[in-house]
Amino acid sequence: MVGNDITLIMFYSADAIYWPVFVVATLAAIVASQATISATFSIIKQALALGCFPRVKVVHTSKKFLGQIYSPDINWILMILCIAVTAGFKNQSQIGNAYGTAVVIVMLVTTLLMTLVMLLVWHCHWIIVLIFTTFSLLVECTYFSAVLFKINQGGWVPLVIAAACLVIMYVWHYGTVKRYEFEMHSKVSMAWILGLGPSLGLVRVPGVGLIYTELASGVPHIFSHFITNLPAIHSVVVFVCVKYLPVYTVPEDERFLVKRIGPKNFHMFRCVARYGYKDLHKKDDEFEKKLFNNLFVYIRLESMMEECSDSDEYSLCGGHQTTEQSRRHLLLRDNNANSLDPTASSVESIVQVISPNQSTVVSSDRISSQTEVDELEFLTKCMDAGVVHILGNTVVRARRGSNICKRVAINYIYAFLRKICRENSVIFNLPHESLLNVGQIFTV
């Protein structure tokens with residue numbers, strides 16, 4: 001009778017604590033899952049910044065914190081892996097073994113990285129580092145030795161996932177570095193471009209060609225590949241390099257950096273567009289409008305600088321302040337005017353020095369102004385004729401005679417990753433009706 005009473009009490013006690021424990025366990029699972037998701041997003045973001053992972057969509061959800069991000073692609077992958085692990089294991093103990101293996105390995109890696117930080121960053125004494133490392137590894141290696149017996153009982157899952165991620169990151173980084181080295185070493189020299197002449201040895205058709213490249217300096221090899229295989233090129237060529245900076249936003253007046261390539265009659269420019277992680281490349285017409293506005297400002301500013309350098313009676317003063325003031329004045333100038341507006345005159349931002357050759361200088365100023373107006377009118381006509389976005393598509397292939405590991409890594413794994421990652425046309429949000437892909441193949 002007493003035994004039955006004890007059993008009944010234990011039954012009611014278990015039933016009473018079931019729901020509180022269930023609620024606590026559910027909340028703990030939510031916290032753990034959120035930590036896993038946030039950590040995965042942060043790791044993928046850092047891998048993207050280092051060029052060690054294929055391009056995926058990253059959404060920044062905070063103006064204050066750079067690391068507060070969301071990646072829908074990675075979120076879907078995590079969901080699929082969670083369902084696969086839960087459905088694939090036969091019992092709860094195997095899931096526990098997999099979780100324990102992952103936690104112990106993370107503890108070991110953290111300790112080793114902490115040792116490097118103490119030595120290289122904090123410059124701690126080697127005795128302190130040795131004591132910390134010995135004590136930590138003594139405890140963690142004890143757990144790790146116990147985990148080794150559970151690898152065949154579910155502990156192999158995190159090892160397989162880690163190995164797959166390692167292969168993806170290594171192959172992607174290797175292929176990306178080789179492709180960038182090829183573009184750097186294959187840059188077109190200015191002597192070769194100057195040797196082609198103003199028409200670049202081809203027919204210059206009306207329009208503007210925006211050639212997108214990852215190089216912030218030099219002429220990319222894709223340009224020579226393009227003009228070698230096609231008999232014509234646009235009248236105005238702009239090499240566009242888009243760079244994303246680790247800041248929230250880049251001000252509009254600091255977003256575009258414009259520079260001329262070659263003589264004026266070549267009509268070739270370089271534009272580096274800088275974006276913060278919250279700046280969205282929404283509309284192409286807005287992007288083109290801002291780009292060409294900065295191009296107009298550059299041409300006017302260049303003309304004004306030439307007016308100043310052609311004579312000895314003007315000298316710049318104020319440094320960066322003068323340039324910004326000149327830039328504001330240039331924005332107010334009339335595109336169709338043949339003379340400078342008094343409010344935007346170069347005299348406003350330049351100190352005049354007395355010189356006997358006043359009349360000669362005025363004549364050269366008028367010539368420079370007329371040349372500036374002609375170039376602006378030419379650029380406007382080319383814009384009206386149409387704008388074409390040209391993207392380079394460099395395909396990496398393993399060289400003949402390479403070992404089987406390299407052929408599989410480059411020809412299959414890297415090619416597959418390049419196919420599924422976000423394309424440049426998606427990142428730049430380019431219109432398909434004016435998009436031109438130029439492909440080239442090189443072997444490694």
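Author: Val-103 lies in helix 3; helices (H or I, at least four residues) and strands (E, at least two) are DSSP runs, numbered from the N terminus. The model is predicted, so local features need pLDDT of at least 70 and side-chain atom pairs count only at pLDDT 80 or more, while totals for chains, interfaces and linings use all residues. Residues are numbered from 1 along each chain as its sequence is written, and side-chain values use heavy atoms, with hydrogens and water left out.

Val-103 is partly exposed, because its relative accessible area is 32% (buried means under 20%, exposed over 50%, partly exposed in between, with a 1.4 Å probe and protein chains only). Together with Tyr-99, Met-107, Phe-135, Leu-138, Val-139 and Tyr-143, Val-103 makes a nonpolar surface patch of about 740 Å². Helix 3 (92-120) and helix 4 (126-147) are the elements that give two or more residues to this patch, and helix 4 supplies the largest share, 4 residues. Patch residues have over 30% relative accessible area and no salt bridge; nonpolar side chains (Val, Leu, Ile, Met, Phe, Trp, Tyr) are joined within 5 Å, like charges within 9 Å. A salt bridge is a side-chain nitrogen of Lys or Arg within 4 Å of a carboxyl oxygen of Asp or Glu, and areas come from the Shrake-Rupley method with a 1.4 Å probe, only the protein chains shown counting as cover for residues.

The unreviewed UniProt entry annotates residues 99-121 and 128-149, among others, as "transmembrane region"; such annotations use the numbering given here, have shortened feature names, and may be inferred rather than shown by experiment. Residues 128-149 are 91% helix and 0% strand, with end C-alpha atoms 33 Å apart. Residues 232-250, also among the annotated spans, are 0% helix and 68% strand, and their end C-alpha atoms are 36 Å apart.

Elsewhere, helix 7 (residues 221-229) has buried residues including Phe-223 and Phe-226. The buried residues of helix 7 pack against several elements, among them strand 3 (203-212), strand 9 (387-397) and strand 10 (435-443), where contact means heavy atoms within 4.5 Å. Ile-211 has Ile-390 as its bridge partner in strand 9. Strand 9 is also joined to strand 10 by 9 bridges, again running parallel, and Asn-393 stands opposite Gly-439 in strand 10.

Key: Two strands pair if DSSP finds at least two bridges between them.
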